[in-house]
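This note concerns the open spaces in the structure shown below. Please read the numbered points with the structure at hand.

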Amino acid sequence: MIADRVRLRIAPSPTGYLHVGNVRAALFNWLYARRHGGVFIIRIDDTDQARSDDRYIDDVVEGFRWLDLDWDEGVAVGGPHGTYRQSERFERYREVAEQFLDAGRAYHDFRPAGELDELRARARREKKPPGYYIRRPAGSDPEEGRRRVEAGERGVIRFSTAGHAVEFTDLVRGEIRFEPDAIDDFVILRSDGSPTYHLASTVDDIDYRITHVARGEDLLSSTPKHILMTEALGGERPAYAHLPLLFGPDGRKLSKRHGDTALRAYREGGYLPDAVFNYMSLLGWSLDPDNEIFGREEAIQAFELTDVQKSPAVFNPEKLGWMNGVYMRSMAPEDFSDIAADAVEEDLGRALDGDERGRLAGLAPLIQERAKLTTDIAPAARFLFVDVTYDEKAWRKVMKADAPRALCAARTLLEGIEDWRAEEIEHALRAMLAAESLNPRKGWQPIRVAITGSNISPPLFETLEALPKEVALARITAALERLLGG
């Protein structure tokens with residue numbers, strides 16, 4: 001064994017915000033580590049220093065913490081391997097590249113780009129793999145290469161695959177074989193001395209004693225290269241699991257055309273972390289064909305990489321929204337009330353006083369029945385705490401010929417209510433419909449717009465009860481005056 005315990009890692013590059021594809025890969029790594037009592041690591045692959053930005057590292061940390069995917073080693077938590085940032089390990093990678101040169105497993109390559117392009121074009125013309133002719137030049141010598149570099153000549157260092165085929169058992173895809181011709185002599189150190197992904201990732205996986213590499217299927221072609229380097233270094237190859245790609249609902253690879261693909265959009269967009277965790281778990285795996293709603297512990301107890309599906313998984317924001325609504329409605333009332341208070345206070349930019357919290361608590365169960373996102377809460381409750389602002393589209397739709405009559409009659413009956421409760425309000429407003437020969441749409445929708453500013457709100461009678469009586473009557477009067485031009 002490489003280690004006494006299973007050790008898995010996720011290695012995002014901080015060149016953009018944390019992508020849902022990386023999140024799904026991290027979640028599967030985390031589940032496997034927790035299922036087997038292992039170690040989950042977050043490593044930062046920041047060798048592309050020109051594009052790397054610490055704000056994206058912060059986004060990685062905040063995103064995984066929000067999702068409650070805790071990690072045992074890595075960025076922000078430390079461990080026996082320093083900062084877990086590849087940018088801090090360049091000397092280690094160069095040391096390994098020199099080791100490969102000394103062993104004859106790598107060589108300096110000073111060929112110009114045009115010559116390499118011609119070799120690739122020749123391979124294409126002959127229907128061979130693109131790197132078929134990119135092999136060690138005749139007479140290549142490590143010492144001569146070093147002299148040329150010291151003299152100021154710029155070149156890369158390539159790993160020599162030396163005609164080796166690679167076979168391995170993928171935990172998801174089964175038996176896989178790469179023929180020698182399909183594995184080119186690939187660059188491990190660029191001409192500026194920086195390592196490529198292949199070198200840095202392989203060295204880190206060996207040094208960090210990674211036992212399982214679970215990553216996207218798009219990196220499958222990298223695996224034989226990493227295996228060859230691992231063997232050349234005398235390391236033990238980890239088990240590999242290549243996860244299915246994420247597609248959009250249209251059957252095409254997930255991209256920005258399908259909407260937001262960064263986790264932060266869902267963190268900031270009103271989604272619950274438990275709902276996102278549950279939904280992401282279903283992208284290529286299932287707990288039970290008949291059970292889509294499950295918790296973390298259930299997933300941990302059931303998850304195995306060998307159960308991951310081979311076919312692409314569909315990321316559907318609409319289904320995620322539906323699932324989030326299920327989680328919202330299933331929350332304990334006191335938990336929802338806490339979330340509602342936080343959402344309203346953030347929206348208002350101030351704290352609620354005791355009376356306001358009481359009003360919100362009375363309305364919260366009705367909001368909870370209808371909300372799909374936490375961002376739905378503040379708009380539904382705002383009318384309780386601020387002066388009403390009319391949605392002009394709702395006003396034009398509702399405030400028609402019968403509206404003044406409905407508002408006037410409703411105000412008269414509501415003024416007479418002594419016990420301001422939903423039951424009494426309903427009784428009065430039903431009597432108003434009968435007296436004015438109006439249906440609920442024509443009679444009640446104008447009241448809804450008058451007191452909330454919108455034609456969409458929690459149930460009307462409970463909405464009125466949540467407002468102080470004098471405030472409700474004043475809003476009906478203000479709407480009447482606007483209708484009548486007063």
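1. The model is predicted: local features need pLDDT of at least 70, side-chain atom pairs count only at pLDDT 80 or more, and totals for chains, interfaces and linings use all residues. Residues are numbered from 1 along each chain as its sequence is written, and side-chain values use heavy atoms, with hydrogens and water left out.

2. The volume of the largest pocket is about 940 Å³. A pocket here is an open set of points on a 1 Å grid over the protein atoms alone, where a 1.4 Å probe fits, with protein on both sides within 12 Å along at least five of seven lines; lining residues have an atom within 4 Å of a point. A volume is the space filled by probe spheres set on the points, which are joined across faces, edges and corners.

3. His19, Gly21, Asn22, Asp218 and Leu219 are the closest to the centre of the largest pocket among its 37 lining residues. Helix H1 (20–35) is one of the elements that supply at least two lining residues each, and the largest share, four residues, comes from H1. Helices (H or I, at least four residues) are DSSP runs numbered from the N terminus.

4. The second largest pocket has a volume of about 410 Å³. Its lining has 19 residues, of which Pro379, Ala380, Ser454, Ile456 and Ser457 are the closest to the centre. Helix H13 (354–370) and helix H14 (377–381) each supply at least two lining residues, and H13 gives the largest share, three residues.
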